Amino acid sequence: GRLNLTDAYCVKSITPWATAQELNLSIVDFTPNYLCDAEAMRRIHSSALDPQRLRFIVVMRDPVMRAFSEWSMFALGWYWDPVGNFTQAMQARLHLLRECNRTLFDKPRMIEKLPTPELGDYVQKCFLQGKAMMYPQLSMYAPCVLHALRYFDREQFLFLRYEDLMRMDAASIVRLVGHFTGLHVDDRLVATAVEEGKCSPYADLKASAAKANAAAAKAKMAANARGDARPPRAIKTAEQPPRPMSFSSRSPDAAQYLVGPTGEALERFFDPFNAMLADAIGAEFRWRRKDHWVRELNATQMAEGRKNLAEAKVKHDAARERRFARLTEMTKKSQEWAGKKKARARRLA
């Protein structure tokens, strides 16, 4: 049968406590944080029964666009980063990176020659263990990949450009991952993944939306034939293809950031790291300006974009206030309940 999210959580929870050879399964985990956490890579290697059996899939996006996308999420989507200006946010992180190790900041190619312990220390200290909002650090790629390759063979990694991945169809992605990992893949599994819209980049989203619309229309006709006032709530239409969670389109200043002076400065900064990456993995993982090019908005579109940003912020703040009010009320009720329980215990004593 199929495992749902609860089943998967339980399986992952018991694996650290299982004895060798007790479980016959393959565990999959995903996060961008492990690669730039030097201690995590060391622990993964030392704790594996057979490190050679491990496989890593690393998807890398144009560094300038990746940094902008992450900043957009934390500054314009989740509001974790109070700096609402991409240029200023990048300048602050680059200043921290330079102060962390001025020599390697000015001469990045020296990173390739560092002994493994020193390379690990540099990544751990200057990348803050791969934590969120380290926009330029996590877009440099090469130091983290070089460190990982000190523990694992190149053949254990599948490196993919995000831009190439998004041009692939679902069937090709499933077969590629299956071939690389050694996991079982057959025609039935591939057909199921395609039919259910799994592993579908933008190229497949319109087809998935069309199928969803057709299913919704069919269900609506059946509901009308039964005399139901409206279709079941579970029926959803998809007039527009569903998109992955994305915040990078929220900034009306995206073109100024990505194509203007900030983008040009970041291109120069990332160039030596992109060259190091190509040397390390033996592939021409290069990006061009077109990979982070966005269309400049006119005055009307800029005004509309700024209005949308302001409205989104108001909605976010209102939702946060409601959550805080609910939490305050729940805390108050909990304290009242605890007080009554203590009073009852005293009366019975």
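Cys-36 is buried, with a relative accessible area of 5%; buried means under 20% relative accessible area, exposed over 50%, partly exposed in between, using a 1.4 Å probe and protein chains only. This is a predicted model, where local features need pLDDT of at least 70, side-chain atom pairs count only at pLDDT 80 or more, and totals for chains, interfaces and linings use all residues. Residues are numbered from 1 along each chain as its sequence is written, and side-chain values use heavy atoms, without hydrogens and water.

Cys-36 has a partner. It forms a disulfide with Cys-144, the sulfur atoms 2.0 Å apart; a disulfide here is a pair of cysteine sulfur atoms within 2.5 Å. The link is right-handed, with 105° about the S-S bond. Cys-36 sits in the loop between α1 (5-14) and α2 (38-47), and Cys-144 in helix α8 (residues 142-148), so the pair ties together parts 108 residues apart in sequence. Helices are DSSP runs of H or I, at least four residues, numbered from the N terminus. Cys-144 is buried too, at 0%.

The count comes to two disulfides. The other joins Cys-100 and Cys-126, sulfur atoms 1.9 Å apart. Cys-100 lies in helix α4 (residues 86-100) and Cys-126 in helix α6 (residues 116-126), so this pair ties together parts 26 residues apart in sequence. Its S-S torsion is about -85°, so the disulfide is left-handed. Counting bonded cysteines along the chain, the pattern is 1-4, 2-3.

Now turn to helix α15 (residues 299-348). It has 50 residues and reaches 74 Å from its first C-alpha to its last. Met-302, Gly-305, His-316 and Ala-319 are buried in α15.

Note on methods. Helices (H or I, at least four residues) and strands (E, at least two) are DSSP runs, numbered from the N terminus. The expected span of a helix is 1.5 Å times one less than its number of residues.
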